Amino acid sequence: MNHLPQAWGRPRDDVYGPYDASYLQSRLPQAHTQSPIVTGTSVLAVKFKDGVVIAADNLASYGSLARFTDVKRLRPFNSKSIVGIGGDVSDMQYLDRLLNSLDVTENYSSTGHSLNAKNLHTYLSKVMYKRRSDINPLWNQMLVAGLDGNDEPFLSSVDLLGTTFSSPTLATGFGAHLAQPLLRKVADDESKVADVTRERAVEAVKECMKVLFYRDARSLDRYSIAVVTKEGGGVEGG
Amino acid sequence: MFRNNYDNDSVTFSPQGRIFQVEYASEAVKQGSVVVGIVSKTHTVLVALKRNAEELSSYQKKVIGIDEHFGIALAGLASDARVLSNFMKQQALASKMTYGRPIPLERIVTQIGDRAQTSTQVYGKRPYGVGLLIAGVDETGPHLFEFQPSGMTQEMIACAIGARSQMARTYLERHLDEFADASRDELIKHGLLALKESLSQDKELTVDNASVGVTGIAKDGKRKVETFKLYDGSEVGPLLEAALESAELAGGEAREGESMEVDS
């Protein structure tokens, strides 16, 4: 006979054989996102002399199924910046709500101050890094396009690990492989940005969106494109 | 024994609608040595009179740099000011960390205002016994704010708090029109002269008892902000000389005939 508390209320081993304790497990270990579910594909962006052009198609795929075809993945923030989001769409919607509340707090607490694209990128990188450190990442890669504190064009990326980098041209997802080399023909170096006109940048991005539609099986021919300059930013359907 | 029944805590109004504990806290500010702040279109300056508890001790710090773009001057309980300044340092650092942006002054001032207000409405808390002048520069230019233990904060053009500060305020009111367009040096001069006005007969401004803090919009270069500079000890010397010299000059002009006779 086993009198130990661990054995209380259980069938006796000597009568019924060893007890399978795994049935006592009331819950599984907590698991976070292991992979994204509904996803958006590439985001492209190019700096030019007075601003930044950014584009992303309107598709949210469910695996290989083109599930939602009018999902806007460019998110303007206070007329100075636009965030293009690729990756998990529900996490994108969470980020959208987060930016909404940030916008409200910023406008509520004082006047005359606004977060520029650089500030916004710093903030988002902290959010992403915090989440990856909690081993519960937001499954996205974002491009933040806009103007920095000196009203210079600003373009930078942050991904689900909180890794950040910037370049005169940036592309996420499939576009990082296919569009980025093409975009580098426009400006492969920070010093060349000053020679890039708005028309040239827009044309290059549109061309890349076309190439991506032909070659990326998770893409769509309908996309949003936006240009941010000192005069403000605007998103257009394409 | 008691002055009245309504001054034992900071959450009870008197029938006249006053909160005595908060008023007593304001008295603590009036016991502190005087600090002066002035703002122009380009700069903002804090000037303070330091005191030493005894001959052998050092002088109590009156001007504290919080971040690169702003600093505070205090009058009242220095230990309470340290608590507040540590809080402000943390908030300023947090803003730099999360947004890469120097914290807007209006916001940090609101934050300490809110904090101080809480201790006037929660039982068992004590109001801060310190008044602050917060001076600095942000995106919207140079600013000067006043903070009181009641939690009241307001933006000022020029301000003086602490013992005998009325004399300094009188000086500031008299020269109010000159501040907006004053240069960095002129602003410091006005600050020191306002401070001098509030001194008692037997006292003088020296390199030991004067502190100056300055920040402003940088004239050139890539940086937009002139880093908050604290002048203490021997560094105050040249500033003090310049201020006193200009005061003598102005005084000399006023009684020109007399000065020629006195000169020997």
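Me: Is Ala171(A) buried or exposed?
Reply: This is a predicted model, where local features need pLDDT of at least 70, side-chain atom pairs count only at pLDDT 80 or more, and totals for chains, interfaces and linings use all residues. Residues are numbered from 1 along each chain as its sequence is written, chains are lettered from A and ligands numbered from 1 in the order in which they are written, and side-chain values use heavy atoms, with hydrogens and water left out. Buried means under 20% relative accessible area, exposed over 50% and partly exposed in between, with a 1.4 Å probe and protein chains only. Ala171(A) has a relative accessible area of 10%, so the word for it is buried.

Me: Which residues does Ala171(A) touch, leaving out those up to four places away in sequence?
Reply: Ala171(A) sits in strand E11 (residues 169–171) of chain A; helices (H or I, at least four residues) and strands (E, at least two) are DSSP runs, numbered from the N terminus. Ala45(A) is 126 residues away along the chain, yet the two C-alpha atoms are separated by 6.3 Å. Counting a contact as heavy atoms within 4.5 Å, the residues touched are Val43(A), Leu44(A), Leu143(A), Ala176(A) and Gln180(A).

Me: Over in chain B, what joins the side chains of Ser211(B) and Asp232(B)?
Reply: Ser211(B) belongs to strand E9 (residues 210–217) of chain B, and its relative accessible area of 1% makes it buried. Asp232(B) is among the residues it touches, along with Tyr231(B) and Val63(B). A polar contact is a pair of N or O atoms within 3.5 Å; within protein, one must be able to donate a hydrogen and the other to accept it, and residues adjacent in sequence count only if both atoms are side-chain atoms. What joins these two side chains is a polar contact of 2.6 Å.

Me: Which side chain does the side chain of Asp80(B) make a polar contact with?
Reply: Asp80(B) lies in helix H2 of chain B and, at 7% relative accessibility, counts as buried. Beyond its neighbours within four places in sequence, it is in contact with residues including Pro127(B), Tyr128(B) and Gly129(B). The polar contact spans 2.9 Å, and the partner side chain is that of Arg126(B).

Me: And which backbone oxygen does the side chain of Ser165(B) reach?
Reply: Ser165(B) is in helix H4 (residues 165–174) of chain B, and it is buried, at 6% relative accessible area. Leaving aside neighbours within four places in sequence, it is in contact with Val34(B) and Ala160(B). At 2.9 Å, its side chain reaches the backbone oxygen of Gly162(B).

Me: How are H2(B) and H3(B) set to each other?
Reply: Axes are lines fitted to C-alpha atoms, for helices over the stretch in contact, and angles run from 0 to 180 degrees between N-to-C directions. H2 (residues 78–99) and H3 (residues 105–118) of chain B pack at about 135°, with axes 11 Å apart. Angles under 35 degrees count as roughly parallel, over 145 as roughly antiparallel, 65 to 115 as roughly perpendicular and the rest as oblique. H2(B) and H3(B) are therefore oblique.

Me: What about H3(A) and H2(B), how are they set to each other?
Reply: Asn119(A), Thr122(A), Tyr123(A) and Lys126(A) in H3(A) meet Met97(B), Thr98(B) and Tyr99(B) in H2(B). The axes come within 6 Å and cross at roughly 90°. H3(A) and H2(B) are therefore roughly perpendicular.
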